[in-house]
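Here are my notes on the model you sent over. Have the structure open while you go through the points.

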Amino acid sequence: MKIAVPVTVNNKVDNHFGHCDFYEVYSVSDEGKIVERKTIPSLQGCGCKSDIASVLADDGVSVMLAGGIGTGAIKVLNNAGIAVFRGCAGDASKIVEKYISGNLVDSGESCQELGSLTSDGNHHQCSH
C-alpha cells in the first residue's frame with residue numbers, strides 16, 4: 001500500500017492540500033511497516049485543478065491523509081482511486097503510523113469557502 005501526505009518543508013501535514021510544499025509518499029508493507037518514503041513535488045495551485053491525482057495514482061497511491069482539502073480535490077482523488085482522510089495535523093510520519101494502526105478518523109470536514117486561509121496565511125482563491 002502507498003499513502004500520500006501533503007506536507008510543508010518541516011514534514012508537517014499542510015493545512016491545505018493544494019498549497020503544500022510537496023507530497024510525501026509512504027510505502028507500507030503487508031505487515032504494516034513503513035518500508036520507503038519518497039518526495040513528489042507539488043504542482044502549486046488549486047489541488048482540484050492540478051494533475052496531482054493522476055501522478056499519485058500512477059505511482060500506486062491509494063490513500064491521501066490531508067489536513068484541509070476541498071470537495072473538488074476529494075472528487076478528483078476519489079475518481080483516481082485514492083481514498084481521502086481529512087483533518088490530519090502534525091508530523092506526517094506519525095499520522096501515517098496512526099492510519100496504519102487503524103487509529104485515524106476522517107474529520108468529515110472539507111474546505112468549501114472562498115477566503116479560507118492557506119498554510120502561509122494567504123487567502124485561498126479557488127472555489128470548490
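1. Start with strand 4, residues 61-65: four of its five residues are buried, so the strand is mostly covered. Buried here means under 20% relative accessible area, with exposed over 50% and partly exposed in between (1.4 Å probe, protein chains only). Strands (E, at least two residues) and helices (H or I, at least four) are DSSP runs, numbered from the N terminus.

2. A word on the ground rules. This is a predicted model, in which local features need pLDDT of at least 70 and side-chain atom pairs count only at pLDDT 80 or more, while totals for chains, interfaces and linings use all residues. Residues are numbered from 1 along each chain as its sequence is written, and side-chain values use heavy atoms, leaving out hydrogens and water.

3. What does strand 4 pair with? With strand 1 (residues 2-7) it pairs in the parallel sense over three bridges, and with strand 5 (residues 83-85) it also makes three bridges, in the parallel sense. Two strands count as paired if DSSP finds at least two bridges between them. Have a look at Met 64: it stands opposite Ala 4, and in strand 5 its bridge partner is Val 84. To get from strand 4 to strand 5 the chain passes through helix 2 (residues 71-79), a right-handed β-α-β crossover. Right-handed means that, with the strands pointing away from you, the path from the first strand over the helix to the second runs clockwise.

4. Next, strand 2 (residues 22-28), where seven of seven residues are buried. In a regular strand, side chains alternate between the two faces of the sheet. Here both faces are covered: Phe 22, Glu 24, Tyr 26 and Val 28 are buried on one side, and Tyr 23, Val 25 and Ser 27 on the other.

5. Strand 2 runs antiparallel to strand 1, joined to it by six bridges, with Pro 6 opposite Tyr 23. Strand 2 is also antiparallel to strand 3 (residues 34-41), with seven bridges; Phe 22 has Pro 41 as its partner there. The hairpin of strands 2 and 3 has five residues between the strands, and Gly 32 takes a positive phi near 80 degrees.

6. Finally, the whole protein. There are three helices and five strands, in the order β-β-β-α-β-α-β-α along the sequence. Of its 128 residues, 45% count as buried.
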